[in-house]
Amino acid sequence: YKACHPALLTTPNALPIEAWVLDVSPNGVRLRVPNPVRIGAAVRVEAQELLLFGTITHCEQIDGAYSVGLALSRSLEVLADMEKLNESLFVEPEPA
């Protein structure tokens with residue numbers, strides 16, 4: 001789906017980069033970033049309630065920024081759902 005959400009892109013041993021999530025599909029994500037990102041880099045993307053992990057597949061300069069393609073290595077994880085699951089796992093059972 002088309003998107004336009006602010007995000008943080010993190011690569012190993014580097015500070016997070018501000019990014020915009022432009023497109024999301026079951027297998028990948030397209031981002032807009034201010035600086036180039038190395039193809040093949042393992043990355044983490046945090047956007048709103050999304051946490052994404054994957055590998056950079058392409059990086060192309062467009063209109064003073066860079067369009068970056070990310071192949072997902074893990075499914076999209078909705079942080080709110082993970083939090084609910086955590087809460088349900090740590091609920092004390094009621095005495096019988």
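E46 is partly exposed, because its relative accessibility is 33%. Partly exposed here lies between two cut-offs: buried means under 20% relative accessible area and exposed means over 50%, with a 1.4 Å probe and protein chains only. E46 forms a salt bridge with R44, and the closest N and O atoms are 3.3 Å apart. A salt bridge is a side-chain nitrogen of Lys or Arg within 4 Å of a carboxyl oxygen of Asp or Glu. R44 also has 33% relative accessibility, so R44 counts as partly exposed.

This is a predicted model, in which local features need pLDDT of at least 70, side-chain atom pairs count only at pLDDT 80 or more, and totals for chains, interfaces and linings use all residues. Residues are numbered from 1 along each chain as its sequence is written, and side-chain values use heavy atoms, with hydrogens and water left out.

The structure holds two salt bridges. Besides the pair of E46 and R44, R30 meets D23 through their side chains, at 2.6 Å from N to O. R30 is partly exposed because its relative accessibility is 31%. D23 has 17%, so D23 counts as buried.

Now take the overall fold. Helices (H or I, at least four residues) and strands (E, at least two) are DSSP runs, numbered from the N terminus. Along the sequence the pattern is β-β-β-β-β-β-β-α. Of the 96 residues, 32% are buried. The protein exposes about 6600 Å², and carbon and sulfur atoms supply 55% of that area. Accessible areas come from the Shrake-Rupley method with a 1.4 Å probe; for residues, only the protein chains shown count as cover. Contacts reach along the chain too. Among those with a separation of 6 or more, 41% join residues 24 or more positions apart. Contact means heavy atoms within 4.5 Å.

Next, follow the strand pairing. Two strands pair if DSSP finds at least two bridges between them. Strand 4 (residues 42-47) and strand 5 (residues 50-62) run antiparallel, joined by six bridges. In this pairing V43 stands opposite G54 of strand 5. The hairpin of strand 4 and strand 5 has two residues between the strands, and Q48 takes a positive phi near 45 degrees.

Strand 5 also pairs with strand 6 (residues 65-72), again in the antiparallel sense, over eight bridges. Here too a hairpin has two residues between its strands, and D63 in the turn has a positive phi of about 50 degrees.

T55 sits in strand 5. In strand 6, A71 stands opposite T55. T55 has a relative accessible area of 31%, so T55 is partly exposed. Leaving aside neighbours within four places in sequence, T55 contacts G40, A41, G69, L70 and A71. The C-alpha atoms of T55 and I39 are separated by 7.7 Å, although these residues are 16 apart along the chain.

Finally, look at a loop. T11 lies between strand 1 (2-10) and strand 2 (17-24). Is T11 buried or exposed? T11 is buried, because its relative accessibility is 15%. Beyond neighbours within four places in sequence, T11 is in contact with V37, A42 and V43. V43 is the residue that stands opposite G54 in strand 5.
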